[in-house]
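Please look over the model below with these notes at hand. They are meant to be read point by point against the structure.

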Amino acid sequence: MSTVLDLFISSAWAQEPAAAPPQAGMFNIVFLLVLLVLFYFLLIRPQQKRAKEHNKLVEGLQKGDEVMTEGGIMGRITELAESVVAVEVSENVEIKVRRQSVASVLPKGTLEKL
């Protein structure tokens, strides 16, 4: 019976395992650490810096500031609340947006130039 099965399935012979280089494990650990450091400096750190700058911008908003929202709407702040800002986009036209949606504060006089 074993000869019939040998035609379909090859026999597995016990062999001594090949010796791995002793420094292969150390190389993997060093590679992983270098990869983590690269991710930190290229992805995580810049994102944290941008988030801190944006929070500082949002906390520093004042009535009368000319702002642009993330959607590209530009206007002047008329009212401030804890989480909402009223922005005048045209004469007698105000919209309310979340404070966090303010992308940037424009230099004074920008809206008059448009």
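1. The largest nonpolar core has 7 residues: Leu61, Val67, Ile77, Val85, Val87, Val97 and Val102. The model is predicted, so this core is a computed feature of a prediction. In soluble globular proteins, nonpolar side chains tend to be buried together.

2. Ile77 is one of the core members. Leaving out residues up to four places away in sequence, Ile77 touches Leu61, Val67, Val85 and Val87, among others. The contacts of Ile77 also include Gln62, Lys63, Gly64, Asp65 and Ala86.

3. In what order do the strands of the open sheet lie? The order is β4-β3-β2-β1-β5, with antiparallel pairing among these 5 strands. At the edges are β4 (93-98) and β5 (102-106), each of which pairs on one side only. From one strand to the next, the twist averages 45°.

4. Strand β3 covers residues 84-90 and is joined to β4 by 6 bridges. These two strands run antiparallel. Val87, which also belongs to the largest nonpolar core, stands opposite Ile95 in β4.

5. Thr69 lies in strand β1, which spans residues 66-69. Is Thr69 buried or exposed? Its relative accessible area is 7%, and buried means under 20%, so Thr69 counts as buried.

6. Which residues does Thr69 contact, apart from its neighbours within four places in sequence? They are Val97, Ser101, Val102 and Ala103. Val97 and Val102 are also listed in the largest nonpolar core.

Note on methods. Residues numbered from 1 in each chain as written. Predicted model: local features only at pLDDT ≥ 70, side-chain atom pairs only at ≥ 80, totals over all residues. Heavy atoms only, no water. Helix = DSSP H or I, 4+ residues; strand = E, 2+ residues; numbered from the N terminus. Buried < 20%, exposed > 50% of the residue type's maximum accessible area, 1.4 Å probe, protein only. Contact = heavy atoms within 4.5 Å. Core = buried A, V, L, I, M, F, W, Y, C linked by side-chain atoms within 4.5 Å. Pairing = 2+ DSSP bridges. Axes fitted to C-alpha atoms, helices over the stretch in contact; angles between N-to-C directions.
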